Amino acid sequence: MCRSIKTLRPPITPEVTEEDMRAAALQYVRKISGFRAPAAHNREVFDHAVDAVAAATQDLLDGLQIRGSTTRRPSSEPTRQ
């Protein structure tokens, strides 16, 4: 679906930055919405969707247990409630 989104889990990508997650989220929202850049009247909802997908990506990566590892990935930011 989104060939430009790279795998972000270790060991494929050992160091994942917030920028990496945001770029993947942006590509996903662009693909789903069909907009490369939203019109002004859609900007707020578009940006909110990117934020939500980036947060879900962080939650997913934080919760994954990697085979051969005894611990989960450390979170780069506090756990969301």
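**Helices and burial**

Modeller: The chain has two helices and zero strands. Helices (H or I, at least four residues) and strands (E, at least two) are DSSP runs, numbered from the N terminus. This is a predicted model: local features need pLDDT of at least 70, side-chain atom pairs need 80 or more, and totals for chains, interfaces and linings use all residues. Residues count from 1 along each chain as its sequence is written, and side-chain values use heavy atoms, without hydrogens and water.

Colleague: How many residues does α1 have?

Modeller: Helix α1 covers residues 18-33, which is 16 residues. From first C-alpha to last, α1 reaches 22 Å, close to the 22 Å expected at 1.5 Å a residue (1.5 Å times one less than the number of residues).

Colleague: Which residues of α1 are buried?

Modeller: Asp20, Met21, Ala24, Ala25 and Val29. Buried means under 20% relative accessible area, with a 1.4 Å probe and protein chains only. Seen down the axis of α1, these buried residues fall within an arc of 165°, so they line one face of the helix. The arc is taken from the directions from the helix axis to the C-beta atoms.

Colleague: What do they pack against?

Modeller: The buried residues of α1 pack against α2 (43-63).

Colleague: And what follows α1?

Modeller: Glycine 34, with a positive phi near 80°.

Colleague: New topic. Why does aspartate 62 count as buried?

Modeller: Because its relative accessibility is 16%. Aspartate 62 sits in helix α2. Its side chain makes a polar contact with the side chain of glutamine 58 (2.8 Å).

Colleague: How much of the chain is buried?

Modeller: Buried residues make up 25% of the 81 residues.

Note on methods
Buried < 20%, exposed > 50% of the residue type's maximum accessible area, 1.4 Å probe, protein only. Contact = heavy atoms within 4.5 Å. Polar contact = N/O pair within 3.5 Å; in protein donor to acceptor, adjacent residues only side chain to side chain.
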